[in-house]
Amino acid sequence: MPQPLYRQVAEALRQKITSGDLPPGAQLPSEPELEKRYGVSRNTVRLALTALANEGLVESRQGRGTFVRDRITFTVLASAEEGGSAGHGKDAFVAAVTVHGRKAEQVDFRMEVRTASPEVAARLQVDEGSPVVVRRMRRLIDGRPWSIQESFYPMDVAEGTRLMSPTDIPYGTITEMARHGHTQVGYRDEVLSRMPTHTEAAFLGVGTGVPVLEMFRTAYSTERAIRLTINVYAGDSTQLAYEIGDVVAGQEAAQSTEAS
């Protein structure tokens, strides 16, 4: 059974985008041009463009036309990115991005005290409704919105530390906790895919059909849970990676192959 015409037009344009014939930032032909090129109606063209927009491949700009989205994929080394201070007085996220020659920013800091929801209470092993300190920020790479982060701390862990300040901690929150006797020794990750809220979609710039990745990381000292961090990433531009054990030999082999 043949595909509907709008899907055929969408597939033809999709192939041009993925092949590089229409590179990131390129403007698509106008609707009248697409009608003529594919021999279809204006409504069919609009349905095709809507399908591509829902996939996050194109975006419409008021009064200018439709353009290929410039999506920059960044691989998050999840086993290190929230693992603590990266050394040299740098936050782990900043170090992970700058090592690739890119610019990392953490903006819109907010700190507040909330009551623990059932979800937060279960992960932090505190009573539901008990006070928790929440630090919220937005992260950018090369000036582009990239992730939204919220971190929850039991009140007795945060009290008397810089975690209570609504400002960045350049050397990282894990180092700050360790300075006050709460040393992180491990963590548990849970990753799920879901559709974004309106606020998340607006900040991350994802299409209406593009999901987000939500990562819950519960960090532990030798005695207890000391932090819950929730990161929300755009699903079409984020790749999560984990390195378990010694992978240096494999990395060296891959670099040797690329150089040859």
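Predicted model: local features only at pLDDT ≥ 70, side-chain atom pairs only at ≥ 80, totals over all residues.

Reader: OK, what's pLDDT, and what does the protein average?

Author: pLDDT is the predictor's confidence in each residue, from 0 to 100. The average here is 86, and 89% of the residues score at least 70.

Reader: Good to know. How many helices and strands are there?

Author: There are 10 helices and 10 strands. Both are DSSP runs numbered from the N terminus: helices are H or I with at least four residues, strands are E with at least two.

Reader: And how much of the protein is buried?

Author: Of the 260 residues, 41% count as buried. Buried means under 20% relative accessible area, exposed means over 50%, and partly exposed is in between, using a 1.4 Å probe and protein chains only. As for surface, the protein exposes about 13700 Å², with carbon and sulfur atoms supplying 51% of that. Those areas come from the Shrake-Rupley method with a 1.4 Å probe, and for residues only the protein chains shown count as cover.

Reader: What share of the contacts join residues at least 24 apart?

Author: That's 61%, counted among contacts between residues at least 6 apart in sequence.

Reader: Let's do helices. How do α1 and α2 cross?

Author: The axes of α1 (residues 5-19) and α2 (residues 31-38) come within 12 Å and cross at roughly 105°. That makes α1 roughly perpendicular to α2. Axes are lines fitted to C-alpha atoms, for helices over the stretch in contact, and angles run from 0 to 180 degrees between N-to-C directions. Under 35 degrees counts as roughly parallel, over 145 as roughly antiparallel, 65 to 115 as roughly perpendicular, and the rest as oblique.

Reader: Which residues meet there?

Author: From α1 you have Val9, Ala12, Leu13 and Lys16, and they meet Leu34, Arg37 and Tyr38 of α2. By class, that contact has 5 nonpolar, no polar and 2 charged residues. Nonpolar covers Ala, Val, Leu, Ile, Met, Phe, Trp, Tyr, Cys and Pro; charged covers Asp, Glu, Lys and Arg; the others, Gly among them, are polar.

Reader: And what about α2 with α3?

Author: Their axes come within 9 Å and cross at roughly 105°, with α3 spanning residues 42-54. So α2 is roughly perpendicular to α3. Glu31, Pro32, Leu34 and Glu35 in α2 meet Arg42, Val45, Arg46 and Leu49 in α3. This contact has 4 nonpolar, no polar and 4 charged residues.

Reader: I spotted Thr44 in helix α3. Buried or exposed?

Author: Thr44 is buried, with a relative accessible area of 11%. Leaving aside neighbours within four places in sequence, Thr44 is in contact with Leu5, Tyr6 and Val9.

Reader: New topic: where is Leu192, and what is it in contact with?

Author: Leu192 lies in strand β7 (residues 186-194) and is partly exposed at 34% relative accessible area. Setting aside neighbours within four places in sequence, Leu192 is in contact with Val212, Leu213, Glu214 and Phe216.

Reader: Which residues other than glycine have a positive phi?

Author: Among them are Asp108, with a phi of about 55°, and Gln125, with a phi near 60°. Asp108 lies in strand β4 (residues 104-115). Gln125 sits in the loop between α6 (118-124) and β5 (131-141), and Gln125 is exposed, with a relative accessible area of 55%.

Terms used. Residues numbered from 1 in each chain as written. Heavy atoms only, no water. Contact = heavy atoms within 4.5 Å.
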